[in-house]
Structure formats: C-alpha cells, structure tokens
Amino acid sequence: MRIININGPINSGKSTIAKLLIKVLPRSLFIEVDDLLSDEEQNRLGLSMQAGWAERTNRLNAIIQKEKSAQNYQNIIFAYPITAKLYKEWQAWADDTTTFINITLSPKLEVCLQNRGTRELDDWEIKRIKEMYQEGYQNPEFSDLIIDNGSQTPQETLQEIINFLEQRNKNGNQKI
C-alpha cells in the first residue's frame, strides 16, 4: 500500500492534484481531510483552530489505520499542509507493506495569492498563505518531491508525479 500526501500551502493545487491522482492510480481512496471536521462541528465542540486541525489529523490517522488493516486500497491519497512534526508521526505508517510519500506543491507566492480556478480567496486565506510561505510550507526538507507547479497545468503536474512514482517503483520494484 502507498499512502500519498499532497502537501503545500493553501491554494497551491493540493486537492485538484490529489483528485486527478486517484483517477490514474489503481484502487485508490481520496480522503478530504478538511471534510473530516466541519466548521459547524468544530464550533459545537468549542475547538480552537489549532485544536480543530489536530482533530482532523487524529481522524485521518484513524481512517489510515483502519484502511491499512482492511487492505481494500492500493493507494490512499490525501491533501494536507503538514509540518515536520506531522511528517515524523505519519512516517510511522510505513512498514513492510506500506510506504508513505509526501509530495509538495510549491508555486511562487504570487501565484498562490491569485484566485485560481473557481476559488476566490478571502482575506483570512490571503493572510494565512503569506504566513505559510514565511513558515516554509512550500519548501520543506521532509518532502520526497517538490514541484513548482505555478506555470504548469494540473495535467502537467500530475504527469510529473506519475513519472516520479514510476521511477521510485522501478528502483524499489513496486507496482504503480
């Protein structure tokens, strides 16, 4: 089993690429981490923003553990901006039958600050994107692959990921 996180700042294209990836990788499950805890539920539980993020990642971990046991999927793909701490925690998913891969989308800041596709950024998102770039989400040292997708189409970014996975599989004798 392969567990793949598409990492990067807000508006870098994470969900778009993850949703394309599940269409081309066999037996794939996409987990929309943001949907694991709605804003309404977060408010009802009285969780701060940071506590809400922690709850989403706890729920993700539970799903991953369940799916690892069930072995229903060859690929589990999600899109979530992660810190080095989360990366270290999620590396524990890897074992003899499971690999964890972190791919970071890293368009230039100016690209992330633009309304892309149908998304219109609000003031909070613009502020948070700037913070994320200052915090280094676009260029973490713990990424297996970093792609500047600012001037690429989603299909070109997808192809770059597929090429990376094929090369990785060739070197490790895993099937894509």
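## Salt bridges across the chain

Asp144 counts as partly exposed because its relative accessible area is 31%, where buried means under 20% relative accessible area, exposed over 50% and partly exposed in between (1.4 Å probe, protein chains only). This is a predicted model, in which local features need pLDDT of at least 70 and side-chain atom pairs count only at pLDDT 80 or more, while totals for chains, interfaces and linings use all residues. Residues are numbered from 1 along each chain as its sequence is written, and side-chain values use heavy atoms, with hydrogens and water left out.

The side chain of Asp144 meets that of Arg168 in a salt bridge (3.9 Å, N to O), a term that requires a side-chain nitrogen of Lys or Arg within 4 Å of a carboxyl oxygen of Asp or Glu. This pair links distant parts of the chain, with Asp144 in the loop between helix 6 and strand 5 and Arg168 in helix 7 (residues 154-172), 24 residues apart; helices (H or I, at least four residues) and strands (E, at least two) are DSSP runs, numbered from the N terminus. Arg168 is also partly exposed, at 28% relative accessibility.

## Arg59 and its two partners

Arg59 forms a salt bridge with Glu55 (2.7 Å, N to O), and because these residues are 4 apart in helix 3, about one helical turn separates them. The side chain of Arg59 also meets that of Glu41 in a salt bridge (2.8 Å, N to O), and here the pair links distant parts of the chain, Arg59 being in helix 3 and Glu41 in helix 2 (residues 39-45), 18 residues apart. Arg59 counts as partly exposed at 23% relative accessibility.

In helix 6 the buried residues are Glu125, Arg128, Ile129, Met132 and Tyr133. They cover an arc of only 140° around the axis, which puts them on the same side of helix 6, the arc being that of the directions from the helix axis to the C-beta atoms. These buried residues pack against helix 3 (49-70) and helix 5 (109-112), with contact meaning heavy atoms within 4.5 Å. The face turned away from the buried side carries the exposed residues Asp123, Lys127 and Gln134.

## Strand 4 between its neighbours

Strand 4 (residues 99-105) has 7 of its 7 residues buried. It runs parallel to strand 1 (residues 2-7), to which 6 bridges join it, and parallel to strand 5 (residues 145-147), with 3 bridges; two strands pair if DSSP finds at least two bridges between them. Ile103 of strand 4 is the bridge partner of Ile6, and its bridge partner in strand 5 is Leu145.
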